[in-house]
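Hello,

Here is the structure you asked about.

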Amino acid sequence: MLLRVSRTPLLVLLLILSVGAARAEEATQPAVDFQNEIQPILSRHGCNSGGCHGKASGQNGFKLSLFGFDHPFDYEAIVRSARGRRISQSAPENSLLLMKATGEVPHGGGQRLDPDSESYRTLKNWIAAGAPASSPNAPKVVKVTVEPQQRIFGQGETQQLKVTAAYSNGEKRDVTKQAAFNSNLDVVAAVSEDGLVRVNDERGEAAIMARYMGQVSVFYAIHPHGKPLAEIPGWTANNYVDTHVANKWMKLGLLPSAVCDDATFLRRLSIDLCGRLPTSEEARNFLADQDTNKRQKLIDKLLDSPDYPAYFATRWSTILRNSNLAGADRAAYAFHSWIKDNLAANRPYDEFVRGIVAAAGEWQDSPAINWYWQSRDDQLHTVTADTAQVFLGLRLQCARCHHHPYERWSQEDYYGLSGFFTRLGRKSFGEPPPYFASSQVSTGEKNPLTGKTPEPKFLDGEYAKFTPEEDPRHALVDWMSKPENPFFAKVFVNRMWGHFLGRGIVHEVDDLRESNPPSNPELLNALAKDFVEHKFDMKHVVRTIVSSKVYQLSSEPNEHNQHDRQNYARYYARRIIAEVFADAVDQATGTKTKYSNMSASSRAVDLPHEGFGSYFLDTFDRPRRVSSCECERPSGATLAQVLLLANSDDLENKIADGNGKIARLLKEKRLAKDIIDDIYLGALGRFPAADELTKTHTFVESLPQDKQQQALEDVLWTVLNTREFMFNR
């Protein structure tokens with residue numbers, strides 16, 4: 001007997017078998033973990049960046065944590081918020097999360113995923129598996145490593161990077177396709193989103209950052225200027241600075257410029273160390289001096305002069321935001337004087353910092369409390385951020401709201417540092433009022449992670465407990481100034497190096513992070529070690545830097561180093577800063593700008609704050625002192641600056657002043673040639689070259705006697721408009 005089988009049940013059976021097989025196949029696939037596999041995809045494709053769904057207000061109703069550092073929040077946003085409409089477990093490919101990312105439905109961010117990509121398949125498999133949350137026991141990424149770590153490239157060569165993540169359970173995984181890459185110097189070497197490095201035409205060294213799950217590793221791409229060198233011909237080191245820099249040159253095939261002449265060195269050092277031009281008399285004497293050790297003697301003389309602390313007091317007052325905006329004019333004067341006195345006495349840097357960070361009392365007795373008064377409107381957070389940036393070289397501002405995108409610093413680290421300042425008390429009288437170390441919490445700030453008052457925690461260290469009688473700020477300075485602290489000494493020597501050489505070993509000078517590596521790590525380490533060994537002697541660091549042959553190189557490039565931007569094979573010429581330039585114009589013209597409430601002899605570099613009205617200073621970008629960042633002082637030129645020097649009444653009046661340089665020298669019956677010499681010596685620190693003297697002298701002598709004063713004034717005006725005058729070279 002034959003039985004007839006209906007086709008419908010058979011199809012159902014086949015369908016059941018196929019679904020079962022598919023589920024069996026899925027069961028053999030490793031589970032997709034949201035934190036370790038889905039979050040990296042969102043980060044790699046920019047979904048949780050500040051310009052997309054990671055910004056504070058989200059985007060089109062969909063908000064993610066910035067750079068994916070709040071995994072539970074992001075899971076809720078994707079899977080459960082908006083009634084779970086962003087995913088479809090029954091038809092994963094129809095999930096709004098995928099359809100928007102692939103551009104199948106309109107998406108403000110455009111297409112982010114290719115349907116054939118591994119990222120798409122991972123997201124689809126995760127949704128198909130029920131979009132599970134991360135297991136509480138899921139391993140965490142503890143380190144990433146990029147391979148290789150360094151390579152010397154030939155023109156047009158490429159290198160594929162490999163990124164390996166190490167997990168807390170000991171597992172290691174290739175995460176190259178999930179990592180994010182970027183270069184700090186694209187003109188030297190650029191990197192694709194898949195980690196393929198390609199060198200470009202510019203020569204030098206680029207750092208390629210590989211970032212994955214908050215961890216960073218760096219690959220160094222070296223594109224030599226020439227063939228590696230066994231030695232630098234004719235090079236002899238003045239000190240260890242020269243040795244470390246020359247070692248880098250040999251590696252890169254760089255040949256340095258020649259050592260600058262005496263006139264250039266005198267002017268350069270006077271500007272960098274004292275914030276002023278050398279006088280005509282100083283220039284004459286130095287150029288005539290035949291002592292082979294005269295440069296070192298000049299360094300010592302200027303370091304011991306009152307001009308050194310006066311100038312660096314202005315630099316530090318700017319960094320420490322000693323501002324008239326705080327409305328405490330007398331306290332600003334006192335703080336500026338306190339800084340200058342500390343520098344003049346060469347007070348050790350750790351004690352100098354302690355005097356600021358742990359300041360307490362009334363401003364008359366403790367002027368450094370004005371540092372706290374500047375940040376009174378948002379005191380705890382401003383002081384926390386400034387302490388980290390100025391004294392540790394760490395820009396922790398981002399970590400106030402989220403994990404730092406390019407560093408290991410978290411909100412826990414940020415609020416741990418702020419915990420050292422929660423007892424800072426402020427009385428209700430005086431401008432600024434007295435500050436003191438309270439025995440209990442007085443700021444009222446809360447850590448948003450815990451809802452509690454921030455507790456003191458050392459960066460990369462443990463939480464600390466203090467009795468009511470102790471001031472936690474002193475413990476913070478003790479920790480900062482420990483010889484093994486990796487930040488404190490380095491940020492100071494890097495700041496000084498940037499001041500004297502025009503670019504920090506780490507650029508910017510107050511941004512010391514793993515993803516912003518130094519151009520010469522050995523040099524930075526050597527300077528920091530020397531600084532610590534000399535008990536934080538600030539003058540010792542300055543003397544070491546300016547005594548080096550590297551500092552004394554010419555700014556004129558040669559054929560080997562004309563493209564060098566980061567290895568100091570020549571001196572990097574730069575525009576003179578506003579305060580110094582204003583004084584330079586006064587000195588070159590023999591006039592004096594009068595500043596209200598200052599002595600008649602005061603210079604622009606002596607001004608304690610930015611509240612002194614001066615169109616000249618503002619035109620040349622005097623900082624407003626609203627930030628502790630050195631970047632507040634721009635280095636570029638503007639049209640307004642050019643016009644001011646070329647045709648302003650103010651400058652014309654200075655040049656033609658009846659008591660100015662030209663008028664005074666003519667009253668002394670000086671010859672035109674001697675006056676021209678004095679113009680060049682006073683403005684440029686050198687005698688005029690033969691052709692310059694011939695042209696200017698012929699021009700002056702060709703005019704009637706009654707027109708020669710104006711002709712000499714024109715010569716001075718011309719010199720003041722030269723690049724040589726405006727730049728420290």
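Cys 631 is partly exposed, because its relative accessibility is 47% (buried is under 20% relative accessible area, exposed over 50%, partly exposed in between, with a 1.4 Å probe and protein chains only).

Please note that the model is predicted: local features need pLDDT of at least 70, side-chain atom pairs count only at pLDDT 80 or more, and totals for chains, interfaces and linings use all residues. Residues are numbered from 1 along each chain as its sequence is written, and side-chain values use heavy atoms, with hydrogens and water left out.

Cys 629 and Cys 631 form a disulfide with sulfur atoms 2.2 Å apart (a disulfide is a pair of cysteine sulfur atoms within 2.5 Å). The link is right-handed, with 130 degrees about the S-S bond. The count by this rule is 1 disulfide.

The sulfur of Cys 47 has its closest cysteine sulfur in Cys 52, at 6.1 Å, which is too far for a bond. Cys 47 is buried at 18%, and Cys 52 is buried at 8%.

Helices α14 (residues 379-392) and α15 (residues 411-418) pack at about 105 degrees, with axes 9 Å apart. So α14 is roughly perpendicular to α15 (65 to 115 degrees counts as roughly perpendicular). Leu 380, His 381, Thr 384 and Ala 388 of α14 meet Tyr 414, Tyr 415, Leu 417 and Ser 418 of α15, where contact means heavy atoms within 4.5 Å.

Regards

Methods. Axes are lines fitted to C-alpha atoms, for helices over the stretch in contact, and angles run from 0 to 180 degrees between N-to-C directions. Helices (H or I, at least four residues) and strands (E, at least two) are DSSP runs, numbered from the N terminus. Angles under 35 degrees count as roughly parallel, over 145 as roughly antiparallel, 65 to 115 as roughly perpendicular and the rest as oblique.
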